[in-house]
Amino acid sequence: MSLTVVQQTWIDKLKAEFFPLNRRRDVDGLRGLAVLLVMIFHAGWLSGGFIGVDIFIVISGYFMGRSAFMQHPFRPERFVLRRLYRLVPALLVMILLVCASMLWWVLRSDRADIAQNGASALVYLSNIWASGHVGYFEGQSIAYPFLHTWSLSLEMQFYLIIFLIALFLSALRYRQAVLYVVMAASFAYSLMAYHSGDQSAYYSIFARLWEFCLGTVIWVLPALPQSLLLSGICYALAVMTLLLCGVFYTLTNACPSYMAIIPCVATMLIIMQPQAVTRRLLEPLSSVGVISYSLYLWHWPAIVMATYILASQVQGVTMALVLGGAVIAGTLSYICVERPMLDYENKALVPARRRGGAMLVGLCIVSAAGLAWLSAISRVH
């Protein structure tokens, strides 16, 4: 085989991995923007980068609307297995590797908390753990390498809710009615939490459900009746709104603040206009969006571990190097764990998929139990 052919083969493989077909490049770019906002926020370089989580939530609601809400008939087994293969392997590998890397040398009290946080993350209750232990924007958050998994727990809890709606309500009109009721109730709860000063609501599924629902209702809303020119302008303004929110928002604007609705609606408007010519604004970030899950998983543990090792706040060039390492780790996670598991789920026979799903659940439970035990024996009494 000639060198040219080998090079072309590798180029084709890379394109297939980082530029998959049959996907909206601009939505992948929106994911890329979201994860970059979060990473830059955690680096301390952007005050409003936390809106990346709000963007992720709306996108998640949109895709779950297609996978469950709009399916007739609903295929519950495929829905569950797809979610397991999509989310669990990369999370499990990240938590086990980080624990193996740092739990043996940190202080016993830190080991106890980190192990407990890891256990809660593996059973998708990290948001509940975090609400009782640490404020997301407080200084001590830097002590917990798995604190960022609270949003993944929210996502899985929403999957459970949308799964139950799709399972027990076969008619679309009933699903819509429930969806609108849930959205209204969640938004009302969020506003009450904001006015009462309940900061723990930042982690709450009840305060965030309306954001997920905004993404899901895209499937039942009528198409926007706009000209190509107006669509392009609206799309560009929505992208600009997200950038401005990322730059100018402060922590007081974070959910449950009513100001969270602005980036969520902007995200909605972007998704609802697939034909907008200005979608090219986001398409350059599509390859970042493809690996955004693994990037999100690894960027925060990298920052926390660097802070422990250096015994000081990571800043400047050091922070840039840490984030560069996180990008490498996230890319490897995507190539070696996330993508192969999704390919296996697509190609494997049904019995094999079922066994694999059961193994993933079992590994999570066993690993969570082990970390809970380690936390208990490490606790300083």
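S378 counts as buried, at 2% relative accessibility, where buried means under 20% relative accessible area, exposed over 50% and partly exposed in between, for a 1.4 Å probe and protein chains only. This is a predicted model, in which local features need pLDDT of at least 70 and side-chain atom pairs count only at pLDDT 80 or more, while totals for chains, interfaces and linings use all residues. Residues are numbered from 1 along each chain as its sequence is written, and side-chain values use heavy atoms, with hydrogens and water left out.

- S378 is found in helix 15, residues 350–378, where helices (H or I, at least four residues) are DSSP runs numbered from the N terminus.
- Leaving aside neighbours within four places in sequence, S378 is in contact with R108, S109, R111 and A112, contact being defined as heavy atoms within 4.5 Å.
- Helix 7, residues 150–168, has 19 residues that should span 27 Å at 1.5 Å a residue, and its end C-alpha atoms are 27 Å apart, which agrees; the expected span is 1.5 Å times one less than the number of residues.
- Because 14 of its 19 residues are buried, helix 7 is largely enclosed by the rest of the structure.

**Backbone features in loops**

- Y124 has a phi near 60°, a positive value in a residue other than glycine, and lies in the loop between helix 5 (108–122) and helix 6 (126–131).
- With a relative accessible area of 9%, Y124 is buried.
- A311, which is not a glycine either, has a positive phi of about 55°, and its place is in the loop between helix 13 (292–310) and helix 14 (316–347).
- A311 counts as exposed, at 69% relative accessibility.
- A cis peptide bond, with omega of about 20°, joins C255 and P256, and P256 lies in the loop between helix 10 (228–248) and helix 11 (261–271).

**A nonpolar surface patch**

- L229, I233, L237, M240, L244, V247 and F248 form a nonpolar patch on the surface, with about 720 Å² of accessible area together.
- Patches are made of residues with over 30% relative accessible area and no salt bridge, with nonpolar side chains (Val, Leu, Ile, Met, Phe, Trp, Tyr) joined within 5 Å and like charges within 9 Å.
- A salt bridge is a side-chain nitrogen of Lys or Arg within 4 Å of a carboxyl oxygen of Asp or Glu, and accessible areas come from the Shrake-Rupley method with a 1.4 Å probe, only the protein chains shown counting as cover for residues.
- L244 has its place in helix 10 and is partly exposed, with a relative accessible area of 42%.

Note on methods: Helix = DSSP H or I, 4+ residues; strand = E, 2+ residues; numbered from the N terminus.
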